[in-house]
Amino acid sequence: MLGSRNLLALCGIIFSLSSKVLAGFDPTASNNIAVYWGQNSISLTSGGQQRLSYYCANTPINIIPLAFLYTIKTPSTTINFANAGDNCTLFSGSQLLSCPQLEEDIQTCQTAHNKSILLSIGGATYTEGGFSSPAEAVQMAGAVWEMFGPKKEGSKVERPFGDAVVDGFDIDLEAVAVNMVDFVGELRRLMDADGGKKKFYMSGAPQCPFPDAAMGGLMDGVGFDFVMVQFYNNWCGVDSWKASGGGDGNGESQFNFERWDQWAREESKNKGVKVLLGVPGSQAAGRGYVNGEVLKGVVEYVKGFESFGGVMMWDMSQVYGNTGFLDSIQAALGSDGQSSGQGSGLPPTQTASQTTIPTSLPSSQLDSLLSSLLSSQTAFVTITTTVVVSATATEFSTEEVPSPTTASVKSTSGSSTPTGAPVPHWGTCGGIYHLGSTVCESPYQCVVLSVWYSQCL
């Protein structure tokens, strides 16, 4: 039997070590993978967009911008996430959505899978044109931060994601907007002031022509952590790259990653900013799509630039409708982590050498186990990826987890018996802190994604 004190100690060790194994945006790496979620740009008849937590179980993707917050000014602030909005309701007297499913999924993505979840501001449908004055821009930045940043004690502000806090913001302006440097600069200041031990990120999504017509001044006026340049729907896209190094055959440079690298190193406010290569997720996403084999050559070329930080794709529904594309990106980058699971249609199940913890441990053996966990990152990986945990305050038991694609699917729950109404498709049905039902609506099964989280699939 494992007492509550030791169970909490073990959970604390798992939490503290998890950041060493999984990661969100890594400013020191060149294999970051970002995929936009929210607009469901592929036809629903081709599968369509699933809920956010479905994709967070996929370890190669470490950055997910939510698209979009497309009306900034209060009281008309508006977010839109296509079919995911079906699970939201309007706050009384406003057009602002309240999205409890997204609140749950954002927290799951951050705590169980350590993804960086950003809110993307703008998009093609943003038409406000900026702000009437620098003062209004600063005021609206404060309002946005209060809605999506850390919740302030006593705050009455309506928060679309409830208690969930985004990891930062992405700025995607497709048309000229005034006083945006003041707006984004104030958001940056607020993030840095409230961050403490948590790092908040600011990203931008300019189009590849340099300087970008809509974001040119903003790019130099704000310290971005990374930019996801749209190398598509433009003459300078990845489809213009040639194996000779970007030339068009006449010695003229078309694919211009080199110019963005120069900006990052010499002109940007943050000289450590990373530049991600933005590409369409499929042929249907617009001009500029190239297949995985061609993109491999492009990635090899841009790896030679100091600022290169990885690949961005638009969007999640396109990527998952294009079987094998994400795997080809991962292979080209040399990313650590597992397959995307695109072939099976299920989120991947992590694999590791199997370790089973006895269902009862004397204190002396528990101390030894805790010591080994503290000193061994490998032990943590094995336990958290191959063990299902069923726990209460006074009991801790484990069993090995088979792959859901090759064996029967089992559920995990904080309660020892199934309770409540059956959980609908995509709903949460288990995990260490889950106290609800562990039974899914027919014909779905409760699939264990980690010790923290199970989902009806």
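Predicted model: local features only at pLDDT ≥ 70, side-chain atom pairs only at ≥ 80, totals over all residues.
Let's begin at strand β9, which spans residues 226-230. Five of its five residues are buried, so the strand counts as mostly covered; buried here means under 20% relative accessible area.

What does β9 pair with? One partner is strand β8, residues 201-204, which pairs with β9 in the parallel sense over two bridges. To find your place along this pairing, look for G204, which stands opposite V227 in β9. Between the two strands the chain passes through helix α6 (residues 216-221), and this β-α-β crossover from β8 to β9 is right-handed. Strand β10, residues 274-280, also runs parallel to β9, and five bridges join the two.

Now for the disulfides. How many does a search of the whole structure find? There are three.

One of them joins C208 to C236, with an S to S distance of 2.0 Å. The torsion about this S-S bond is about 90 degrees, so the disulfide is right-handed. C208 lies in the loop between β8 and α6, while C236 lies in the loop between β9 and α7 (257-267), so the link ties together parts that are 28 residues apart in sequence. Both C208 and C236 are buried.

Another disulfide is formed by C56 and C109, whose sulfur atoms are 1.9 Å apart. With 95 degrees about the S-S bond, this link is right-handed. C56 sits in helix α2 (residues 52-56) and C109 in helix α3 (residues 100-111), so the parts tied together here are 53 residues apart in sequence. C56 and C109 are each buried.

That leaves C88 and C99, which form a disulfide with their sulfur atoms 2.1 Å apart. Its S-S torsion is about 110 degrees, so this disulfide is right-handed. C88 is found in the loop between β3 (78-79) and β4 (89-90), and C99 in the loop between β5 (97-98) and α3, so the pair ties together parts that are eleven residues apart in sequence. Are these cysteines buried or exposed? C88 has a relative accessible area of 12% and is buried; C99, at 1%, is buried.

How values were computed
Residues numbered from 1 in each chain as written. Heavy atoms only, no water. Buried < 20%, exposed > 50% of the residue type's maximum accessible area, 1.4 Å probe, protein only. Helix = DSSP H or I, 4+ residues; strand = E, 2+ residues; numbered from the N terminus. Pairing = 2+ DSSP bridges. Right-handed = clockwise from strand over helix to strand, strands pointing away. Disulfide = S-S within 2.5 Å.
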